[in-house]
Amino acid sequence: MNYKIDCLSKAELQKLVEVLGEKPFRGKQLFKWIYQKGVIDFSSMTDISKTFREKLSKSYSFTKLKKEHIVTSKLDGSKKILFKLEDNNFIESVLMFDENRITACISTQVGCKMGCKFCNTAKIGFVRNLTAGEILRQVIELNNILSESGKKLTNIVFMGMGEPLDNLKNLEKSLEIILDEDGLNFSHRKVTISTAGLLDKLEKLVNKNFKVNIAISLNASDNKKRNLIMPINKKFDINDIVKVIKKLPVPKRKRITLEYVMIKNFNDSTADALKLAKLLNGLPIKVNLIIYNKTKRSNLDSPDLNSALNFQKTLINNGIATFIRKSFGADIEAACGQLYASYIKTL
Ligand code: SAH
């Protein structure tokens, strides 16, 4: 049998090396080679004995992602990378540059089950979950691209293809390694999970003491509208979201982000903003307004900047901290699922 070694956490690698008759510290050495140095062949691991490396390579291999296509935005330099997986499926990741921040937007599934009406990934349907190795490899590959110009990722957002909390086990494993100081060594303050609102899984994640930032895609100010664009609202609705936000043990200065994709003439009016302000009054949250990124295959429209600014002003005047998310890669179809869709012509 051939197993992937880059799906294993530090504790698992330590156990593995012990089973194979080596000292536990070899596990930490392996861990550092795989995740910190991003090495994908045993032969480069020079401080590990040749015999042990050969033994490992008989049963273990590395996850490989092929960079199939890279597009760079002329507007802001952001890059969208289409990766081909070993089973010939495709996923995409995005690199965004903003002042001192370099953010990776990472995928967690091939396709998605959520079926949100405004989202391109939804049109693919659900194909499969990514392994922890495939999630982590995206981060490592993006860092490799950056290292050519002496740069490094500073932030990770799980806002690419898929619903992260619908792949909880592999998400948790990848987070463990992303946050491990001998692994990718990110601070929990620099990592954000975005969810369509799988609240039971969200509670599980937070209760396991993962302190990463949480963003929930709210996208409407009442259940009637949210039902129209997000089928998940039939299972967990806006009232449930409010209840969970009140209950989650999130530290004060670490407010939960509520994402609100603004769609022209659907959820962008002053009345919507006032309803939203009333709903969110007193909650430990901030709102991130996202201008809907129009896709070729959609009849929805983006609002003009003025209505977004007015919406923001109404929320702020009503005591809600509100930001308009800077849009990256508008010229390279950088919204969820867009590169995939333009590359895979059948969609
Ligand atoms: N499934 C997760 C993460 C992936 S989507 C979630 O729903 O949060 C990441 C964010 O992109 C979500 O807030 C989603 O509402 C938003 N989004 C999806 N398609 C978009 C589009 N065409 N334009 C703007 N934002 C979009």
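Modeller: In this predicted model, the buried residues of helix α10 are Asp-272, Ala-273, Leu-276, Ala-277 and Leu-280. Viewed down the axis of α10, these buried residues fall within an arc of 135°, so they line one face of the helix. An α-helix has 3.6 residues a turn, so residues three or four places apart point the same way. Ala-271 and Lys-278, on the other side of α10, are exposed. The cover over the buried residues of α10 includes two helices and two strands, namely α8 (223-229), α11, β12 (256-262) and β13 (285-291). Just after α10, Gly-282 adopts a positive phi of about 85°.

Two packed helices are described by the angle between their axes and the distance between the axes. For α10 (residues 270-280) and α11 (residues 305-317), the axes come within 9 Å and cross at roughly 30°. At that angle, which is under 35 degrees, α10 is roughly parallel to α11. The crossing of α10 past α11 is right-handed. On the α10 side, the contact is made by Thr-270, Asp-272, Ala-273, Leu-274, Leu-276 and Ala-277, and on the α11 side by Phe-311, Thr-314 and Leu-315. Six of these contact residues are nonpolar, two are polar and one is charged.

Strand β12, another part of the cover over α10, contains Thr-257. Thr-257 has a relative accessible area of 11% and is therefore buried, the cut-off being under 20%. Leaving aside neighbours within four places in sequence, Thr-257 is in contact with Ile-214, Ala-215, Ile-216, Lys-286 and Asn-288.

Helix α8 also belongs to the cover over α10, and the loop between β11 (213-217) and α8 holds Asn-219. Although Asn-219 is a residue other than glycine, its phi is positive, near 65°. Asn-219 is buried, because its relative accessible area is 1%. A further positive phi, about 70°, is found at Asn-88, which is not a glycine either. Asn-88 lies in the loop between β4 (79-84) and β5 (90-98).

From α1, Lys-10, Leu-13, Gln-14 and Val-17 take part in the contact, and from α2, Arg-26, Gly-27, Lys-28, Leu-30, Phe-31 and Ile-34. By class, the contact of α1 with α2 has five nonpolar, two polar and three charged residues.

The loop between α2 and α3 (50-59) includes Ile-40. Ile-40 counts as partly exposed because its relative accessibility is 33%. The C-alpha atom of Ile-40 is separated by 8.0 Å from that of Thr-63, a residue 23 places away along the chain. Apart from neighbours within four places in sequence, Ile-40 is in contact with Phe-62 and Arg-137.

Technical notes
Residues are numbered from 1 along each chain as its sequence is written. This is a predicted model: local features need pLDDT of at least 70, side-chain atom pairs count only at pLDDT 80 or more; totals for chains, interfaces and linings use all residues. Side-chain values use heavy atoms; hydrogens and water are left out. Axes are lines fitted to C-alpha atoms, for helices over the stretch in contact, and angles run from 0 to 180 degrees between N-to-C directions. Helices (H or I, at least four residues) and strands (E, at least two) are DSSP runs, numbered from the N terminus. Angles under 35 degrees count as roughly parallel, over 145 as roughly antiparallel, 65 to 115 as roughly perpendicular and the rest as oblique. A crossing is left-handed if the near helix is turned anticlockwise from the far one by less than a right angle, and right-handed if clockwise. Contact means heavy atoms within 4.5 Å. Ala, Val, Leu, Ile, Met, Phe, Trp, Tyr, Cys and Pro count as nonpolar, Asp, Glu, Lys and Arg as charged, and the others, Gly among them, as polar. Buried means under 20% relative accessible area, exposed over 50%, partly exposed in between (1.4 Å probe, protein chains only). The arc is that of the directions from the helix axis to the C-beta atoms.
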